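Here is a short report on one protein model. Look at the sequence and the fold, then read on.

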Amino acid sequence: MNVLLRVNHLCVSFVVNGHARAAVEDLSFSVAAGQTLCIVGESGCGKSVTALSLMGLLPKQGASIDSGSIMFEGKDLVSMSEAERRHIRGARMAMIFQEPMTSLNPALTVGDQIAEGLIRHRGFRRPAARVRSIELLERVRIADAKRRFDEYPHKLSGGMRQRIMIAMALACEPKLLIADEPTTALDVTVQAQILELLKDLQEESGMAMILITHDLGVVAEVADEVLVMYAGAIVERAPAPVLFAQPQHPYTIGLLGAIPDLDARQSRLASIDGQVPQPHERGDGCSFASRCPFAVEQCWREAPSCRALAHDHDVACWRAPLTESMALAGLDIEEGAL
């Protein structure tokens with residue numbers, strides 16, 4: 001396996017009211033060329049902080065990478081200067097942000113925003129950058145690309161703005177694309193189109209992709225491997241088919257149990273009581289213990305580390321491996337176990 005990105009024991013913190021609070025703790029994973037890795041979890045679990053850390057876009061004030069390394073193509077991004085990171089960001093690594101309307105510059109045409117990366121990283125002259133930008137607009141299936149090149153973001157629909165973001169990200173043919181909830185604000189039909197587009201472009205270019213989402217339906221559609229994050233840490237990692245067939249962390253089981261099933265004629269949707277704890281609220285034990293139906297005394301005393309249950313299947317839970325009856329109880333909406 002040709003590993004493109006390897007993250008080792010990454011810890012990220014933010015200063016809040018004069019105190020450092022951990023946002024991401026001891027995060028380790030890798031992504032191979034051509035692979036799609038999905039990072040899943042509720043809002044506040046550290047998904048976007050992870051993405052911003054990889055891209056070197058954490059706020060300059062109040063945020064810091066405290067320890068760990070981010071090895072990309074054999075080089076540690078953490079130890080690089082900002083000038084060195086700028087040469088990689090947009091050229092070798094690119095990111096699609098969650099809300100395109102706030103990510104695009106309203107004062108510039110969409111064409112100029114795509115061309116900017118080509119001029120900066122590829123040395124294109126402006127006429128050549130215009131031609132290439134129009135080709136990229138056509139590649140992301142925007143009709144009448146020549147006219148759209150000269151339009152401003154506010155004139156485009158949400159789906160078209162997201163396609164513009166994809167064109168910008170792919171302009172310099174990056175080796176790694178990070179997509180932070182790229183379909184969240186779009187209707188279901190447009191979501192499907194964007195996912196299909198990303199898969200097609202990935203197959204054409206062979207790039208690796210990290211897709212950040214809270215939608216397990218999206219995960220099932222595109223993922224090769226899945227990381228489930230909770231309270232800033234990985235609680236389960238497995239190939240997508242294994243995760244859906246044999247979930248082993250109570251949080252993963254709860255997420256799967258909350259997926260609506262029209263065939264099951266559910267009387268109500270399942271939910272996981274409570275919410276993700278804030279960094280200052282995390283105790284010495286497992287961060288999920290207060291919401292877990294399977295918690296025992298050890299769970300409150302000591303945080304479990306992520307350990308291998310089987311080949312390519314890691315979980316951070318003292319009770320794992322869960323028995324079949326426990327897993328079924330967690331997924332049983334009528335029983336209300338979660």
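Asn17 is exposed, with a relative accessible area of 73%. Asn17 sits in the loop between β1 (3–16) and β2 (19–32). Helices (H or I, at least four residues) and strands (E, at least two) are DSSP runs, numbered from the N terminus.

This is a predicted model, so local features need pLDDT of at least 70, side-chain atom pairs count only at pLDDT 80 or more, and totals for chains, interfaces and linings use all residues. Residues are numbered from 1 along each chain as its sequence is written, and side-chain values use heavy atoms, with hydrogens and water left out.

Most residues other than glycine have a negative phi, and most peptide bonds are trans. Asn17 has a positive phi, near 55°. Ala231 also has a positive phi, near 55°. Ala231 lies in the loop between β9 (225–230) and β10 (233–239). Is Ala231 buried or exposed? Ala231 is buried, with a relative accessible area of 2%.

One peptide bond deserves a look too. Ala320 and Pro321 are joined by a cis peptide bond, with omega about 0°. Pro321 belongs to the loop between β12 (313–315) and α13 (324–331).

## The whole chain

The protein has 13 helices and 12 strands. Its C-alpha atoms fill a box of roughly 65 × 50 × 40 Å along the principal axes. The radius of gyration, taken over C-alpha atoms, is compared with a globule rule of 2.2 Å times the number of residues to the power 0.38. For 338 residues, a compact globule would be near 20 Å; the protein has 21 Å, which agrees. Of the 338 residues, 48% count as buried.

Contact means heavy atoms within 4.5 Å. Among contacts with a separation of 6 or more, 65% join residues 24 or more positions apart.

## A helix under cover

Why is helix α1 (residues 47–55) called largely enclosed? Because 7 of its 9 residues are buried, the rest of the structure largely encloses α1. Those buried residues are Lys47, Val49, Thr50, Ala51, Ser53, Leu54 and Met55. Just after α1, Gly56 takes a positive phi of about 70°.

Thr213 lies in strand β8 (residues 208–213). Its contacts, leaving out residues up to four places away in sequence, include Lys47, Gly41 and Glu181. The side chain of Thr213 also reaches the backbone nitrogen of Asp215 at 2.9 Å. This is a polar contact: a pair of N or O atoms within 3.5 Å; within protein, one must be able to donate a hydrogen and the other to accept it, and residues adjacent in sequence count only if both atoms are side-chain atoms.

| Residue | Relative accessible area | Class |
|---|---|---|
| Thr213 | 6% | buried |
| Pro182 | 3% | buried |
| Thr184 | 36% | partly exposed |

Pro182 is in the loop between β7 and α8. Thr184 is in the loop between β7 (176–180) and α8 (188–205). Beyond four places in sequence, Pro182 touches Ile96, Gln162, Leu198, Leu211 and Ile212. With the same exclusion, Thr184 touches Gln98, Gln191 and His214. Pro182 and Gln162 are 20 residues apart in sequence and 7.3 Å apart in space, C-alpha to C-alpha.

Key
Buried < 20%, exposed > 50% of the residue type's maximum accessible area, 1.4 Å probe, protein only.
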